[in-house]
Amino acid sequence: MAKTTLTTSGGAPVPSNNTSETAGPRGPVLMQDYQLLEKLAHQNRERIPERTVHAKGWGLQGKFTVTKDITKYTCAKLFSKVGNSCEVLSRWSTVAGEQGAADAERDVRGFSLKFYTEDGNWDMVGNNTPVFFVRDAYKFPDFIHTQKRHPKTNLRSPEAMFDFWAAQPECVHQVTILMSDRGIPVNPAHMNGYGSHTYSMWNAQGERVWVKFHFKTQQGHKHYTNAEAETLIGKTRESYQEDLVNMIETGNHPKWTFYIQVMPEKDAETAGFNPFDLTKVWPHGDYPLIEVGELEMNQVPENYWSHVENAAYSPSNKVPGIGYSPDKMLQARVFSYADAHRYRLGTHYEALPANAPKSDVHHYHKDGSMRFFPPQTGHVDAYYEPNQYAEAAVADPSVAEPPLAISGDADRYVQEDADADYVQPRALYAEVMDQGERDRLHHNMAAAMGPCSESVTERWLAVLKRVHPDYEAGVRRALKEAGDVNAVPVTDETPQHANEPAK
Ligand code: HEM
């Protein structure tokens, strides 16, 4: 077979890719060796800013198939027929670590899915936990600062983490999950994914319901203890990427079952809890899981950079039939992600292969970085709208979301009943976890807060005491056993949360 000729990026054949052009065998390099200059210049531009959060990630391509009829809840075309399917791009991530961080670190995992539907891209940008640390976007940047490096020492700071958490008792639910057995999944195939927020769906009759998204692993839950993770990281920092590539190359495709929880629109007014509070789960007894479909990831993207690093997920990517809710954190995320992508990737980031919808795209956005595609308005003279051209793109009022009734005075509302923040963590601690899990939780938390000052330690222990006196006593006891992490194995039966079945 004839060899492929190396060319310049302008397409001209290149005479050498190894030897610089010099004036004589020992003379200086000539400036006209433009290929050398371009090669060095390209290398200088091989990095872009890493994601401010969720910088370390692993991605696969795959497919989603609808297995059950949910047309009574949504008119989204993807769900219009059992058997419908679409391509999916996943990206799982840790939150706090930088791009070079070890995979098996204790952290919440991001769980992002891009569904390339016939109606455009639907992004499910969730986590492996059903709740989050805070419920107001004002607190998100400060929370993330506590997870990142201290400005002076350039080290991660348990003092900052627990100082912040002690001042925000709403965090204790998520911190309990983070410090539990589920804090270090063996790899993304062995963890669940949750939309976490309350979203909405509307059907062909324009009726809205509130929904939660759940992706349950079919591989079973598997997690490392602190001790196992430390040993593993000593051997490899890339255990997730290795596991995922090995799984796909050996034909072992990870799968998840997709379920929704559904709440009738009116129930939100009478529910005994705020269904739009991201720090709470919905009881499965009242809002059971409804099966929707199956996700199977079956391919390692050919180029990590172009499909995983360039992936731009955003809760603002939704399709008709799927909507938001009044959750204030979700509202803030609708702005924040696309803003991050314009900064990190460039103005027309949606045109990159990882992000480009498989369906037709027609918009009137104009120039700017990465404007490499032809006009998409439907007519070359239609670079504004409204216009006189019949073929040019116009909006379709039939895809509008049903009107949302909103009443109330504009104000800054804080949670009135702080005690409510302790109810679900208490059930998780006292009713769902067995004694072995509670012991490991105590030790994991003590290991994480070991270097905290006495005042931060006492403030945090006071929060734990309000959850359950045994929780406080257990962590206090474990703090005395410095660095001694229990290594009892975790089973597939380990439940994640009150109200949730083990599998
Ligand atoms: C107001 C609260 C939040 C804000 C402002 C926020 C903001 C951000 C930003 C700016 C990024 C980086 C995006 C990029 O550069 O590509 C990001 C990544 C991410 N966030 Fe959030 N976030 C918030 C809460 C959450 C919550 C509650 C979840 C999960 C339920 C979540 C899940 C993720 C995931 C999975 C990623 C990584 C996406 C990827 O794989 O590329 N975030 N977030």
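At 12% relative accessibility, T257 counts as buried (under 20% relative accessible area, with exposed over 50% and partly exposed in between, using a 1.4 Å probe and protein chains only). This is a predicted model, in which local features need pLDDT of at least 70, side-chain atom pairs count only at pLDDT 80 or more, and totals for chains, interfaces and linings use all residues. Residues are numbered from 1 along each chain as its sequence is written, and side-chain values use heavy atoms, leaving out hydrogens and water.

Beyond four places in sequence, T257 touches H214, F215, K216, Q218, E291 and G293 (contact means heavy atoms within 4.5 Å).

Now to Y337, which lies in helix α9 (residues 328-344). UniProt, in an unreviewed entry, places the feature "binding site" here, at Y337; such annotations may be inferred rather than shown by experiment. Leaving out neighbours within four places, Y337 contacts V125, Y313, S314 and P315.

| Residue | Relative accessibility | Class |
|---|---|---|
| T257 | 12% | buried |
| Y337 | 23% | partly exposed |

Finally, take a look at helix α4 (residues 172-179), where eight of the eight residues are buried. What covers them includes α3 (158-167), α10 (420-432), α11 (435-449), α12 (454-467) and α13 (469-480).

Terms used
Helix = DSSP H or I, 4+ residues; strand = E, 2+ residues; numbered from the N terminus.
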